[in-house]
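Please keep the structure open while reading.

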Amino acid sequence: MLLFGVLVLFQTMSLPGQFAHMARESPDMAYLRWPATAVTVFWVLCVQVVIVATWKLLTLVKNDRIFTPAALAWVDAIVWAIAAAWVVLVGVFLYVGFNANDPGLPLLLFLMTIGVTVLGLLMVVMRALLRQATTLRTDMEAVI
């Protein structure tokens, strides 16, 4: 809950304020203020979706209801949030990669893209495992 609150604070105050300050300090890059604000706020939103979905999944675990279709919906929310963040990250990577003078930032963005890709694939595998386990539990309950 505290992490979620800190992320809301970043979304509404810190990130817009930081990019406004950067625009004042570097007027030649001021045109990036609003795109950078929108992208970072969107990424924080994706993280918030993952946090809420994880919280709901933990509640389902606590109530011994993790192997239900409701759990699959929350896992799907996590997968879609990661996928949306990945698409925007690839767009930022391509934009920066084609406009960079220094390879440092494109390499960092490439590593981040690989990391988010691995995380997304891991969640797809976890979703498939949850789906199989849910089917098995439903089949076993039908037999009993």
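**Notes on the predicted model**

1. The side chain of threonine 113 places a polar atom 2.8 Å from the backbone oxygen of leucine 109. A polar contact here is a pair of N or O atoms within 3.5 Å; within protein, one must be able to donate a hydrogen and the other to accept it, and residues adjacent in sequence count only if both atoms are side-chain atoms. Threonine 113 sits in helix 4 (residues 104-143). Helices are DSSP runs of H or I, at least four residues, numbered from the N terminus.

2. Threonine 113 is buried, at 9% relative accessible area. Buried means under 20% (1.4 Å probe, protein chains only). Setting aside residues up to four places away in sequence, threonine 113 touches Trp86, Leu89, Val90 and Phe93. Contact means heavy atoms within 4.5 Å.

3. On provenance: this is a predicted model, where local features need pLDDT of at least 70 and side-chain atom pairs count only at pLDDT 80 or more, while totals for chains, interfaces and linings use all residues. Residues are numbered from 1 along each chain as its sequence is written, and side-chain values use heavy atoms, with hydrogens and water left out.

4. Arginine 127 also belongs to helix 4. Is arginine 127 buried or exposed? Arginine 127 is buried, with a relative accessible area of 19%. The side chain of arginine 127 makes a polar contact with that of aspartate 76, at 3.1 Å. Beyond four places in sequence, arginine 127 touches Leu72, Val75, Asp76 and Val79. Isoleucine 78 is 49 residues from arginine 127 along the chain, and their C-alpha atoms are 9.7 Å apart.

5. Helix 2 (residues 33-62) packs against helix 3 (residues 69-99) at about 160 degrees, with axes 9 Å apart. Axes are lines fitted to C-alpha atoms over the stretch in contact, and angles run from 0 to 180 degrees between N-to-C directions. Helix 2 is therefore roughly antiparallel to helix 3; the cut-off is over 145 degrees.

6. By class, the contact of helix 2 with helix 3 has 23 nonpolar residues, one polar and one charged. Nonpolar covers Ala, Val, Leu, Ile, Met, Phe, Trp, Tyr, Cys and Pro; charged covers Asp, Glu, Lys and Arg; the others, Gly among them, are polar.

7. Check aspartate 64, in the loop between helix 2 and helix 3. Phi of aspartate 64 is near 55 degrees, a positive value in a residue other than glycine.

8. Threonine 37, in helix 2, is buried at 7% relative accessibility. Apart from neighbours within four places in sequence, threonine 37 is in contact with Pro16 and Phe19.

Note on methods. Helices (H or I, at least four residues) and strands (E, at least two) are DSSP runs, numbered from the N terminus. Angles under 35 degrees count as roughly parallel, over 145 as roughly antiparallel, 65 to 115 as roughly perpendicular and the rest as oblique. Buried means under 20% relative accessible area, exposed over 50%, partly exposed in between (1.4 Å probe, protein chains only).
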